[in-house]
Amino acid sequence: MSVYVVTGATGFIGWTVTRKLLSMGHDVRCPVRNAEKAKRLAEEGAQVREVDYDDEAALVRVMEGADHVIHLAGATKARTRQLFWQANEGLVEKVLTACSQLDSSPVVILVSSVAASGPSLHHAPRSEAEVPQPVSEYGRSKLAGERLGAKFAATVPVSIVRPGIVFGGDDRLTLEMFKSIRRFRTHVSAGWKKRQFSLIFSDELTDLLIAISHSGERLPVPGTSGDKSGYGIYNACRPESPTFPELGLLVAKSMGLRGVLNIRLFQPLPQLVGWSGDCFSWLTGKPAFLNSDKIRESLADSWIFDGAKAAGQFGFQPEIPLLEKFEEVTLGYRKKGWL
C-alpha cells in the first residue's frame, strides 16, 4: 500500500478521495489549517496534520515518506483577484517547493480545472494539447498553478488533471441547483445560444485521480526535445456533453419531477446578476459564487473536452447512464437531509 497526502481534504472532492484511499488500505495524511474542522477525516482513519502552509519546514515534514500527493486545495470563488492567485497559484508553489526539498519527491497530482484550458469553439471538444485560453480570473489563476508544475518538473514528477463540472458527494454548490429546481420547478440559463458542458461525478474523478497517481504521464522536463504538447495533462470528463437546459431536466427527473421550466436570461441581465454578486462580496466580505467572473464563463462558448486520453490509458469509460448517476446524487442529498 502507498502513502498519500491529500490537500484540501475537507472539501467535497477531497473528502471523497480520502475515503476511497482509506477503503483501499492506503495511509492518508491530510494537512489542514484547522484540525477541529477535520474531525470526520480523523474518524475515518486519516492522519490529520494541522499545518500552516507558510511554514515550509512543517509542510516538508508532512510530505516526507509520501508516495503520492493529490493537491486539491484552492479556491473556486474569491472576493478579489489577489485571493484567487494566492489560493490557486500560491498554494501550488508551496506544495511543490516542499516536495522538491525531499531526497525522493512524491508524485504530485495537481487538480486544476477546464477553466484553465478555456472554452471550446464551434462545439468541438478541446484536447489537452491545445493552447490554453482562459476567459476568467479563476481560469487564469488555475493555469498559473499548472505552469508552476511545469517549472518544477525536473525535480518533482507532476501530472495535471482538468475536471469538467463535478457533481456528487458533499458538493454544496451544485446542491443549490437541485434545491432551486425542486422548489421553483425552474432552471435559469443565459440566452438562446446552445452551450454544452463536460461533466464528471466525484466518485468517477476520484478513481481517475488514483489511477493517474500510479501510472499516468508526468509533465516533461523543460527543454525536452520534441513536441510534448499536452503530455502529462488529462481532461477528466464523461463522454456526454449536455446543454445547460438538458442538465436542468436531468436534475429534475432525478428528483422524480416530470419537467422543469427553462428561463433564459438575455443581455444585460446575466451581467447584472454578476455585478450583484460582486456588490454582495464587497459589502459582506464574503465571496459570491455567482459573480462577474462566473458569468463571463457562462457566456462563453461551450465547455466540451476530449476525454480520449484518459479513456485510452486507464479504460475510463463510465458505464452508468447519466440519469442514474444524477439519481445517485439525489439519493445521497436526501440521506443527508439536504433535499
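1. Helix H6 (residues 172-184) packs against helix H12 (residues 322-335) at an angle of about 95°, with axes 12 Å apart. Helices here are DSSP runs (H or I, at least four residues), and strands are E runs of at least two, numbered from the N terminus. Axes are lines fitted to C-alpha atoms, for helices over the stretch in contact, and angles run from 0 to 180 degrees between N-to-C directions. H6 and H12 are therefore roughly perpendicular (65 to 115 degrees). Thr174, Leu175 and Phe178 of H6 touch Phe326, Val329, Thr330 and Tyr333 of H12 (contact means heavy atoms within 4.5 Å). Five of the contact residues are nonpolar, two polar and none charged.

2. This is a predicted model: local features need pLDDT of at least 70, side-chain atom pairs count only at pLDDT 80 or more, and totals for chains, interfaces and linings use all residues. Residues are numbered from 1 along each chain as its sequence is written, and side-chain values use heavy atoms, with hydrogens and water left out.

3. H12 also meets helix H8 (residues 244-254): the axes come within 8 Å and cross at roughly 55°. From H8, Leu247, Leu250, Val251, Lys253 and Ser254 take part, and from H12, Leu322, Leu323, Phe326, Glu327 and Thr330.

4. Glu64 lies in the loop between helix H3 (56-63) and strand E4 (68-71). Glu64 is partly exposed, at a relative accessible area of 42% (buried is under 20%, exposed over 50%, partly exposed in between; 1.4 Å probe, protein chains only). Not counting residues up to four places away in sequence, Glu64 touches Arg29 and Leu102. Its C-alpha atom is 16 Å from that of Asp52, 12 residues apart along the chain.

Note on methods:
Angles under 35 degrees count as roughly parallel, over 145 as roughly antiparallel, 65 to 115 as roughly perpendicular and the rest as oblique. Ala, Val, Leu, Ile, Met, Phe, Trp, Tyr, Cys and Pro count as nonpolar, Asp, Glu, Lys and Arg as charged, and the others, Gly among them, as polar.
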